[in-house]
Amino acid sequence: MALVLGSAVLLLSSGVLAVGHIFPDCRTGPLATNDVCNKGLTIRERAQALVAALETEEKYGLLVSSSPGVEERLGLPSYQWWQEALHGVASSPGVNFADTGDFSYATSFPQPILMGAAFDDELIEAVATVVSTEARAFNNFNRSGLNYWTPNINAYKDPRWGRGQETPGEDPYHLSSYVTALIKGLQGGEDPDILKVVATCKHFTAYDIEDWLGNERYEFDAKISPQELSEYYMPPFEACAKANVGSFMCSYNALNGVPTCASSYLLQDILRDHWNWTRDYQYVVSDCDALQNVYKPHNWRDTREASAASSLLAGTDLDCGFYYQLHLPTAYDEGLIDEDTLDLAITRLYGSLIKLGYFDAADANPFRSLNFSHVSTPYAEDLARKAAEEGIVLIKNDGTLPLQFPSDGNVTVALIGDWANATTDMQGNYQGIAKYLHSPYYAASQIPGVNAVYGGIPGDPTTDGYPRALESASAADIIIYADGPTVASEAESKDRTLIRWSGEKIDIMTQLASLGKPFVLVQMGGQRDDTPFLNNPNVSAIIWGGYPGQSGGDAIMNVLTGKVAPAGRLPVSQYPEHYVDDVPMTDMSLRPNIETGNPGRTYMWYSSPVVPFGFGLHYTNFSVSVAADEDEGDHYDIADLTAACSTTSQCPFRTVPVIVSNTGATTSDFVVLGFVAGEHGPEPYPIKRLVAYRRLHDVTADQDQTANLTLTLGSLGRRDEAGNLVLYPGSYSLLVDVPTQTTWNFTLEGEPFVLDEWPQDTGVLDVGLFRS
């Protein structure tokens, strides 16, 4: 044991660790004669050829994120597997920004929570395409690897979660549709010959707690029924598998007593067997040091070696950390793992690099020609602003917006609050270095004829900034107050305990609003309970801008002035401030429970939000109707619907045309949201469930556009207590818009039909690794 540890320390201190991303030399290097360089073979054959050349002691280092490679003997370079690109190429161990000049910045898009509010999958694919292009450019100049640990696709069900900003929202269908488009843009297609980059869906699964009142993510055991696991927590990850994502990341937490990174039920039974996620280039990586957590504090195995072996056997191929490198050698000596287990993981890992063209000549890979001229292009910068504009949500408006500025100018606008002159806060977490960061104050100061005045930060809990704020507001014609949570209070390792505005904030904002001038609240960051301002007649308007990225200020001012009409929809519910007292974060249940006091989670089960999921106002008026089809009835036989289907959950049911009419005077986008409600399946019945959406663009005054909402049998199905997806007889209603503008009612008749039989957790432990 001492010898193993000693050589590991020597390795860590020798400088052999991954420090670059140099490509292997398949022409004149030692690997030139190895079939890993033979493009005529399959990915598996090429990867197996590399593995066959390895000595056992060399394999352990290839299973950790900072891989030393096998440089001297085989010419296999070191490799850093850890890159981040949540909303743009981001600072991370494998990404090296230059101090100045080329590659000193990358395009910084809005956080996913704001992009999710756009409900525009085409936009998401376009953003992801830019991100992967810039990632490839960085890689070509030895400034990044090709394996990116993004996206975070956990559902944002609790408003206190610090990492909710990283996700598209609270609804599993929305997340599934979003991530499908995102993966296509990141990886370069559904299954391209050469992957552009490898995307990683994380955190698998039931991860949405950081550190809430001493409940840390590293030790948290999520207790979830098969019904809610399959219907809510799993669909985004199933979408990732169907989109052929290259990698999954298992999470820190345990699920029903088993650490996810050591769960063969999750990583084998569901992921690889049930979802058929078995391509030769697909692998599972642990969250960073999650494998150490398997040992402590989860106490899943009695020794470090057994903990590492248990994770590898369960299906975790790559360790973010050094636990594998430290403890697998002894596990091997003790017979807990064998050569085949090591080889399978390495084959998967290097299969991904083969699929990325890592071992191929530069002239055989179209992505190898990308350079800094493809980074932060005018198109990318415009797209970053557009992504923010599309996501901004108008929550309240008494007619003050859009702001009208006289042509002769001479209008003074006071911008006040924590976010009024924000810079890096606009990026949120997992950010890179942006070329520029335009705050609301900066953007307002660029408007001709507008005298923008920065009124500072009034203070919280101190009031030392009140005088400046009052002076600026008193001298202004219009008051814009930009405020909300930042990464100082919500981020990785930081959960919130409150979702209300503080007394100091309410005090100064209501005082400023009482000055008799237009007062616009620009709510930023995560959601807070806006009740004090929604019910205050002196607050003219409220918009929500999330974390809007490098052009956030420009996007906000474009919406406020009407240059862009708002059409975003809230991707989460806005809860009342008392919600934090109603249910603990550790309660993973979604359904209301009288015994525990849980009032329900998400719009599907909670009936009293301050602002509901999917809500968003416009600068014009829209009417919505479902187009009637004389040939279609409203009664359907389940046996007839399922008779001709091989993959029943994806079988089409009906495409429903929804006609959207702009009855106002302003050209605007419109998001069509389709929900299903009704009495079918097990009780209790959800309030409604999102099953389809589409964003219509530039609907002009007096114009109609049609959105076709495609419903599948799976979208109509519900999960039973065992987690099976079942198509039930009963009454159904398609509800369109929030609040509902139109409905289409129909009935399914016949016997229930199982669309998807959910794998059951047998609780069988790994052979040879029984707990004492």
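This is a predicted model: local features need pLDDT of at least 70, side-chain atom pairs count only at pLDDT 80 or more; totals for chains, interfaces and linings use all residues.
Two strands count as paired here if DSSP finds at least two bridges between them. Helices (H or I, at least four residues) and strands (E, at least two) are DSSP runs, numbered from the N terminus. Residues are numbered from 1 along each chain as its sequence is written, and side-chain values use heavy atoms, with hydrogens and water left out.

View 1. Strand E14 (residues 478-483) runs parallel to strand E15 (residues 519-524), and five bridges join them. Tyr 481 has Leu 521 of E15 as its bridge partner.

**View 2. Strand E7 between two parallel partners.** Strand E3 (residues 200-204) and E7 run parallel and are joined by three bridges; Cys 201 is partnered with Phe 248 of E7. E7 also pairs with strand E10 (residues 283-286), again in the parallel sense, over four bridges. There, Phe 248 has Val 284 of E10 as its bridge partner. Which way do the residues of strand E7 (residues 247-250) point? Ser 247 and Met 249 go one way, Phe 248 and Cys 250 go the other, and all are buried (under 20% relative accessible area, with a 1.4 Å probe and protein chains only). In a regular strand, side chains alternate between the two faces of the sheet.

**View 3. A mixed sheet of five strands.** This open sheet runs in the order E18-E26-E25-E20-E21, and its pairing is mixed. Strand E18 (635-637) and strand E21 (689-699) are the edge strands; each has a single partner, so one side of each is left without a neighbour in the sheet. From one strand to the next, the twist averages 20°.

**View 4. Helix H6 against H7.** Helix H6 (residues 121-140) packs with helix H7 (residues 172-187) at an angle of about 30°, and their axes are 7 Å apart. That makes H6 roughly parallel to H7 (angles under 35 degrees count as roughly parallel, over 145 as roughly antiparallel, 65 to 115 as roughly perpendicular and the rest as oblique). The crossing is right-handed, which is the case if the near helix is turned clockwise from the far one by less than a right angle; anticlockwise is left-handed. The contact includes Ile 124, Ala 128 and Val 131 of H6, and Tyr 178, Ala 181 and Leu 182 of H7. By class, the contact holds seven nonpolar, four polar and three charged residues. Ala, Val, Leu, Ile, Met, Phe, Trp, Tyr, Cys and Pro count as nonpolar, Asp, Glu, Lys and Arg as charged, and the others, Gly among them, as polar.

**View 5. Helix H6 against H15.** The axes of H6 and helix H15 (residues 378-391) come within 11 Å and cross at roughly 145°, in a left-handed crossing. Leu 123, Ala 126, Val 127, Val 130 and Glu 134 of H6 meet Tyr 379, Ala 380, Leu 383, Ala 387 and Glu 390 of H15. This contact has eight nonpolar residues, no polar and two charged.

**View 6. Helix H12 and its surroundings.** Nine of the 11 residues of helix H12 (residues 304-314) are buried, so the helix is largely enclosed by the rest of the structure. The buried residues pack against helix H10 (264-274), helix H11 (290-295), helix H13 (323-333) and H14. Just after H12, Gly 315 takes a positive phi of about 125°.

Note on methods
Axes are lines fitted to C-alpha atoms, for helices over the stretch in contact, and angles run from 0 to 180 degrees between N-to-C directions. Contact means heavy atoms within 4.5 Å. Buried means under 20% relative accessible area, exposed over 50%, partly exposed in between (1.4 Å probe, protein chains only).
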